[in-house]
Amino acid sequence: MKITQVEAIPFAIPYRKPLRFASGEVHVAEHVLVRVHTDDGIVGVAEAPPRPFTYGETQAGIVAAIDTIFAAQVVGLSLLDRETVHTRLARTVGNPTAKSAIDMAIWDALGRTLDVSVTELLGGYTDRMRVSHMLGFDEPAAMVAEAERMRDTHGITTFKVKVGRRPVSLDTAVVRALREGLGEGIDLYVDGNRGWTAAESAHAMKEMADLGLLFAEELCPADDVLGRRWLVSQLDVPFIADESAVTPADVTREILGGSATAVSIKTARTGFTRSQRTHHLAEGLGLEVVMGNQIDGQLGSLCTVAFGAAYELTSRRPGELSNFLDMSDDLLTEPLCIADGELTVRPGAGLGAEIDPEKLQRYRLDR
Ligand code: MUC
Ligand code: MG
């Protein structure tokens, strides 16, 4: 069970359709495949998706951080030394997805070694989650058509709508069109990626008061401390902290400061070990949890559902598990399939993900 090597392999797969939102846009999945090898010949895998516009990580930076800082901190440890791994990696404040991919690849390797799924190792609550699809910026008619396609093809009935544009009516018109076009049979919530001010957010939420939103997420910056508290205090739906609350300590500060009332757990940036801590904190504080999407590929989405399905609290709400559908291809031998609005965890050992060697060869950038 001894870790002998950590590989960081950059790859690039184009999106069929770019995803646009208030803090950036994604045209190509420029991710890093992380492989953790052990002396038993086991290989655990995970992927790191850099989001430069949010966390400052880049693909080249992730490879460099793993090769020059993190690999040496874990090589020689046992797969069971997960707390030591976490402590060593946590010394570095930044690089959330580089650290998380190593953590998740270790859990995958442990599951493969013990012949147990990661979901069972974590908590084993269920084997599936309902799916919520993120809709990026576009014209109202195009967003309604996209939501209808997701509902009719995959049975998805929950949608997170990207907002945060100016004037706010650009976005409120979209949300209204979605409610009118798809009716009461769907659930809607909005994510501003810090695009609006607190006052603009309050105005937009009033304008959408009759649309039955489930949540609001990161409508304005958490650094606008009093403005955000003022906003959150007047909302009648939970306000989700996403990029403002990456660590459990961030979550504690945001919640106790009255700047959020719910939390997005993204395995891409807190791995499994830190996501567990956030989950336990959320349970103790009585918070709503949504399993979020860092615009993950199929391997990242498999990590999200593996964690989300492990606990009652994380599987209660639909998880954001479907944006890999917008990619032109992926790395897994057997693609993920969303049917009847659900994604199931893979049966078998670890994450149950097999990387297609031919696809990896085609998309890797370090050939
Ligand atoms: C989200 O929930 O914000 C957009 C940027 C990012 O880091 O994640 C996505 C989705
Ligand atoms: Mg968000």
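**Exercise 1. State into which domains the protein chain is divided, and describe the side of domain 1 that touches domain 2.**

Step 1. The protein chain of this predicted model is divided into domain 1 (3-115 + 356-363) and domain 2 (120-344), with bounds that come from an automatic or database domain assignment. Residues are numbered from 1 along each chain as its sequence is written, and chains are lettered from A and ligands numbered from 1 in the order in which they are written. In this predicted model local features need pLDDT of at least 70 and side-chain atom pairs count only at pLDDT 80 or more, whereas totals for chains, interfaces and linings use all residues.

Step 2. Taken over C-alpha atoms, the centres of domain 1 and domain 2 are separated by 23 Å. Contact, which requires C-beta atoms, placed from the backbone, to lie within 7 Å, joins 35 residues of domain 1 to 36 residues of domain 2.

Step 3. On the side of domain 1 that touches domain 2, the elements giving two or more residues are β1 (3-21), β2 (24-38), β3 (43-48), α3, α4 (96-114) and α15 (357-363); helices (H or I, at least four residues) and strands (E, at least two) are DSSP runs, numbered from the N terminus. The most comes from α4, with nine residues.

Step 4. By class, this side of domain 1 has 18 nonpolar, seven polar and ten charged residues, where Ala, Val, Leu, Ile, Met, Phe, Trp, Tyr, Cys and Pro count as nonpolar, Asp, Glu, Lys and Arg as charged, and the others, Gly among them, as polar.

**Exercise 2. Describe how helix α2 packs with helix α3.**

Step 1. Helix α2 (residues 59-74) and helix α3 (residues 82-90) have axes that come within 9 Å and cross at roughly 155°; axes are lines fitted to C-alpha atoms, for helices over the stretch in contact, and angles run from 0 to 180 degrees between N-to-C directions.

Step 2. The two helices α2 and α3 are therefore roughly antiparallel, given that angles under 35 degrees count as roughly parallel, over 145 as roughly antiparallel, 65 to 115 as roughly perpendicular and the rest as oblique.

Step 3. Phe-70, Gln-73 and Val-74 of α2 make the contact with Val-85, Arg-88 and Leu-89 of α3, which by class comprises four nonpolar, one polar and one charged residues.

**Exercise 3. Classify the packing of α6 against α7.**

Step 1. Helix α6 (residues 140-154) packs with helix α7 (residues 169-182) at about 45°, their axes being 9 Å apart, and α6 is therefore oblique to α7.

Step 2. By class, nine nonpolar, one polar and two charged residues form the contact of α6 with α7.

Technical notes
Contact = placed C-beta atoms within 7 Å.
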